[in-house]
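Biologist: I would like to learn how to read helix contacts, pockets and ring pairs in a structure such as this one. Please give me the general idea each time, and then the case in hand.

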Amino acid sequence: MELQSSNPTLNERTFGLARVGMGEPAMTIQGTVNKAFILLAVLVVAATWTWSKAFEPSTAGLANTIGFIGLIVGGILAFITIFNQKWSPITAPIYAACEGLVLGSISAYFEIHYYHGIVVQAVGLTFAVTFAMLLAYKTGWIQATPMFIKGVSIAGMGIGIFYGIVMIASFFGIHQPGFLYQGTPLGIAFSLFAVGIASLFLIIDFTLIESYSREGLAKYMEWYGAFSLMLTLVWLYLEILRLLSKMNRR
């Protein structure tokens, strides 16, 4: 069965460029999992640094500035990694560090302006949802059929396009729609929908990584597969953090 994903890091065309040669080491699921843990560790270390700086009045501005720089550099590295997969062993860890700087700053903001413990709850729920999705995938309860992939991909692209339009509009002084940050029934429903779609993207990622590992792609694609999982996990965490903040405003 041919599998497709709207995640540009995990699609047939991308992985088709990385066929391994005879006798060369190939991509494995365990290798990809190991690389994912390495990227997660790098992200946590970087996030801890900006988190600690954000709580000090004398360094809070520095933490925000570094977080913004991390956002820009991380975005650039993401595009480089997507279009130059062979560079992923170098770009993926640096990307994880940049994302950590961003998440540390953002997480501190939510912790300070909403309630103590919101970040711990968001992290816990992110891991819980990831484990639940992995269990659902392994037991076959949720299967990435072509229709499933198509539906989730369309929904994910829709959310991404919407966020992009809102961000561009903000540059021209147009205020964000209230449901993006208010704890109204519509706002909470939207966040629940976004969390659900991000969660289902994990099923697609698991399926594609397992499928392409069986096809024997080049060893460096383990870093690339771990990078793609990191994208989904970061998105899921941010959506859960936004949902919790809205529920607190209720």
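Modeller: Let us begin with a helix contact: W49, T50, K53 and A54 in α2 meet A60, A63 and I66 in α3. Contact here means heavy atoms within 4.5 Å, and helices (H or I, at least four residues) and strands (E, at least two) are DSSP runs numbered from the N terminus. The model is predicted, with pLDDT of at least 70 needed for local features and 80 or more for side-chain atom pairs, while totals for chains, interfaces and linings use all residues. Residues are numbered from 1 along each chain as its sequence is written, and side-chain values use heavy atoms, with hydrogens and water left out.

Biologist: At what angle do α2 and α3 pack, and how far apart are their axes?

Modeller: Two packed helices are described by the angle between their axes and the distance between the axes. For α2 and α3 the angle is about 145 degrees and the axes are 7 Å apart; the axes are lines fitted to C-alpha atoms, for helices over the stretch in contact, and angles run from 0 to 180 degrees between N-to-C directions. Sorted by class, this contact of α2 with α3 holds 5 nonpolar, 1 polar and 1 charged residues, where Ala, Val, Leu, Ile, Met, Phe, Trp, Tyr, Cys and Pro count as nonpolar, Asp, Glu, Lys and Arg as charged, and the others, Gly among them, as polar.

Biologist: How should I read a pocket, and what volume does the largest pocket have?

Modeller: Rolling a probe the size of a water molecule over the atoms shows where empty space is left. On a 1 Å grid over the protein atoms alone, a pocket is an open set of points with protein on both sides within 12 Å along at least five of seven lines, whereas a cavity is a set where a 1.4 Å probe fits but cannot get out, and lining residues have an atom within 4 Å of a point. The largest pocket has a volume of about 2200 Å³, a volume being the space filled by probe spheres set on the points, which are joined across faces, edges and corners. Its lining counts 48 residues, of which L71, Y163, M167, W235 and L238 are the closest to the centre. The elements giving two or more residues to this lining are α3 (60-83), α4 (88-113), α6 (146-171) and α8 (221-249), and the lining divides into 29 nonpolar, 14 polar and 5 charged residues.

Biologist: Which helix gives the most to the lining of the second largest pocket?

Modeller: That helix is α2, with 11 residues, and α2 (29-54), α4, α5, α7 and α8 each supply at least two. The second largest pocket has a volume of about 1000 Å³, and among its 35 lining residues F37, L40, F127, T130 and L233 lie nearest the centre. By class, this lining has 26 nonpolar, 6 polar and 3 charged residues.

Biologist: How many aromatic pairs are there?

Modeller: Rings of Phe, Tyr and Trp (its six-membered ring) pair if their centres lie within 6.5 Å, with planes under 30 degrees apart counted as stacked, over 60 as edge-to-face and the rest as tilted; the count by this rule is 10 aromatic pairs. One of them joins Y109 and F110, whose ring centres are 5.9 Å apart and whose planes stand at 85 degrees, so this pair is edge-to-face. Y109 is partly exposed at 45% relative accessible area, whereas F110 is buried at 15%. Y137 and F206 also have ring centres 5.9 Å apart, but their planes are at 45 degrees, so they form a tilted pair. Because Y137 lies in helix α5 (residues 118-139) and F206 in helix α7 (residues 185-214), the pair ties together parts that are 69 residues apart in sequence. Y137 is buried at 14% relative accessibility, and F206 is buried at 13%. Elsewhere, Y95, Y224 and F227 form one aromatic cluster.

Methods. Buried means under 20% relative accessible area, exposed over 50%, partly exposed in between (1.4 Å probe, protein chains only).
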